[in-house]
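Open the model in your viewer and get ready to select residues by number. This tour moves from stop to stop and says what is there.

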Amino acid sequence: MRKKQEKKSPTTPTIVEQVEEVVQEVDDSHPALQLAFASTGSDLFDLALGGSGSPFGKIINIIGDKSTGKTLISTEMVAQARKKFKEKIKWYYDDAEAGYSFDSKYMYGFDIFHEDQDSSYTVDDFENSLDVQMDLLEEDEYLIYILDSLDSLASAEELARYERRKAALAKGKDPVEEGTYGTEKAKKMSSFFRILRQKIQKKKCLLIVISQVRQNIGVKFGFKHVRTGGDALNFYASQIIWLAETEKHKRKDRVIGVTVKAMITKNKVGLPFRECFINILFDYGVDNVWTNIDFLYDLKTDMGKSSKAEKLEWDGVKYSPRALITFIEKSNLEEELSKRVKDKWNAIEDSISSRNTRKKRWDTL
């Protein structure tokens with residue numbers, strides 16, 4: 001039996017520290033289930049996800065309409081993991097939409113997607129591709145597998161119907177209407193996750209499933225929007241992230257990036273329903289410094305629009321927002337900025353935590 005540790009300080013641990021302590025307990029007790037995380041490239045986004053980003057060995061679902069950074073955030077996670085794990089990280093970008101257009105060589109220094117790489121066309125292709133990539137892993141390696149997107153995949157039944165319609169038209173006959181394909185894909189995905197989820201965990205694979213919605217989400221979300229796959233992702237995903245564009249950023253009347261609102265509606269490694277605003281530049285990626293400054297100085301409205309700011313004070317000196325970004329980067333103060341952002345986030349979490357305001361219901365054994 002463990003000895004009860006002496007209380008070293010009257011200070012209550014922050015929510016993030018409490019979560020990390022629970023994760024460490026799991027790691028110590030179950031070495032095979034040690035949690036490693038892939039950062040999103042944004043300190044603020046990582047905090048909203050629980051402190052460190054998204055865990056390997058799990059499935060996450062990123063949902064949004066067009067131009068909300070779904071692909072870019074996913075590829076940013078590959079770049080961050082490569083920086084952290086070096087040769088131990090493997091990745092596979094499954095471009096089912098055939099729409100990848102980012103110059104990752106320029107943005108990150110390496111190619112994330114190769115055009116000669118096979119992409120999935122059906123749900124069965126995806127299942128086989130993921131299985132093959134996991135089998136290629138060594139015991140000490142990690143895998144990020146990105147499916148972009150689930151909506152693009154066809155089912156075997158859908159292909160069979162297409163062939164029947166094609167054959168009928170070739171004979172000059174009217175094709176028989178056979179209904180929709182939505183339930184077929186949903187059933188297939190549910191079976192897929194049931195079969196492979198344990199292997200995903202054992203192989204330390206982070207499966208990122210990107211989903212589209214067909215109408216603008218808007219910053220209030222509303223949950224009236226649905227994506228393909230039925231309830232399988234709702235059940236099996238450890239994190240479900242909704243993205244919505246809140247603002248376009250222009251330079252010389254040309255759009256160079258966007259601000260997106262991220263809301264985490266399900267989170268098994270942190271607190272759910274956390275949200276944040278993230279600045280993204282199309283030819284740069286996630287702008288962590290700009291995002292952190294917006295949060296630290298409350299430069300976003302509730303609707304995610306940039307508010308006009310007076311001079312921002314940093315250690316007694318005042319800067320414009322753009323000048324402060326330049327100063328932080330030239331002075332290599334990114335880590336200090338990150339620390340201040342984390343301190344502010346944790347202070348807010350502590351201020352609303354029931355742990356700090358309610359009487360403990362149970363004694364520690």
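Select Lys88 and Asp140. Their side chains form a salt bridge, and the closest N and O atoms are 2.5 Å apart. Lys88 sits in the loop between helix 3 and strand 4, and Asp140 sits in the loop between helix 5 and strand 5, so this pair ties together parts that are 52 residues apart in sequence. Now show the surface. Is Lys88 buried, partly exposed or exposed? Lys88 counts as partly exposed because its relative accessibility is 30%. Asp140 is also partly exposed, at 38%. Keep in mind that this is a predicted model.

How many salt bridges does the structure hold? There are 15. Visit a few others.

Select Asp135 and Lys199. Their side chains meet in a salt bridge of 2.7 Å, taken from N to O. Asp135 belongs to helix 5 and Lys199 to helix 7 (residues 182–202). The pair links distant parts of the chain, 64 residues apart. Asp135 has a relative accessibility of 48%, so it counts as partly exposed. Lys199 is partly exposed as well, with a relative accessible area of 22%.

Next, select Arg340 and Asp315. They form a salt bridge too, with the closest N and O atoms 2.9 Å apart. Find Arg340 in helix 11. Find Asp315 in the loop between strand 11 (312–314) and strand 12 (317–319). This contact therefore ties together parts that are 25 residues apart in sequence. Arg340 is partly exposed, at 24%. Asp315 counts as exposed, at 58%.

Now select Asp124, Glu127 and Lys188 together. These residues are linked in a network of salt bridges.

Switch to a cartoon view.

Select strand 3, residues 59–64. Strand 3 runs parallel to strand 6 (residues 205–212), and six bridges join them. Zoom in on Ile62: its bridge partner in strand 6 is Ile210. Move along to Gly64, whose partner in strand 6 is Gln212.

Turn to strand 7 (residues 239–251). Five bridges join strand 7 to strand 3, and these strands also run parallel. Here, Ile60 has Gln239 of strand 7 as its bridge partner.

How many residues of strand 3 are buried? Six of its six residues are, and the strand is mostly covered.

**A charged patch**

Go back to the surface view. Select Glu115, Asp116, Asp118 and Asp125. They gather in a patch of negative charge on the surface. Pick out Asp116. Its place is in the loop between helix 4 (104–108) and helix 5 (123–135). Asp116 counts as exposed because its relative accessibility is 69%.

**Backbone details**

The last stops are about backbone geometry. Hide the surface and show the backbone.

Select Asp148 and Ser149. Which kind of peptide bond joins them? The bond is cis, with omega about 5 degrees. Ser149 lies in the loop between strand 5 (142–148) and helix 6 (156–170).

Select Lys86. Its phi is near 55 degrees, a positive value in a residue other than glycine. Look for Lys86 in the loop between helix 3 (70–85) and strand 4 (89–94). Lys86 is exposed, since its relative accessible area is 53%.

Finish at Asn332. This residue is not a glycine, yet its phi is positive, about 55 degrees. Asn332 lies in the loop between helix 10 (321–330) and helix 11 (334–352). Is Asn332 buried or exposed? Asn332 counts as exposed, because its relative accessibility is 62%.

Notes:
Residues are numbered from 1 along each chain as its sequence is written. This is a predicted model: local features need pLDDT of at least 70, side-chain atom pairs count only at pLDDT 80 or more; totals for chains, interfaces and linings use all residues. Side-chain values use heavy atoms; hydrogens and water are left out. Patches are made of residues with over 30% relative accessible area and no salt bridge: like charges are joined within 9 Å, nonpolar side chains (Val, Leu, Ile, Met, Phe, Trp, Tyr) within 5 Å. Accessible areas come from the Shrake-Rupley method with a 1.4 Å probe; for residues, only the protein chains shown count as cover. A salt bridge is a side-chain nitrogen of Lys or Arg within 4 Å of a carboxyl oxygen of Asp or Glu. Lys and Arg count as positive and Asp and Glu as negative; His and the chain ends are not counted. The place of a charge is taken as NZ of Lys, CZ of Arg, CG of Asp or CD of Glu. Helices (H or I, at least four residues) and strands (E, at least two) are DSSP runs, numbered from the N terminus. Buried means under 20% relative accessible area, exposed over 50%, partly exposed in between (1.4 Å probe, protein chains only). Two strands pair if DSSP finds at least two bridges between them.
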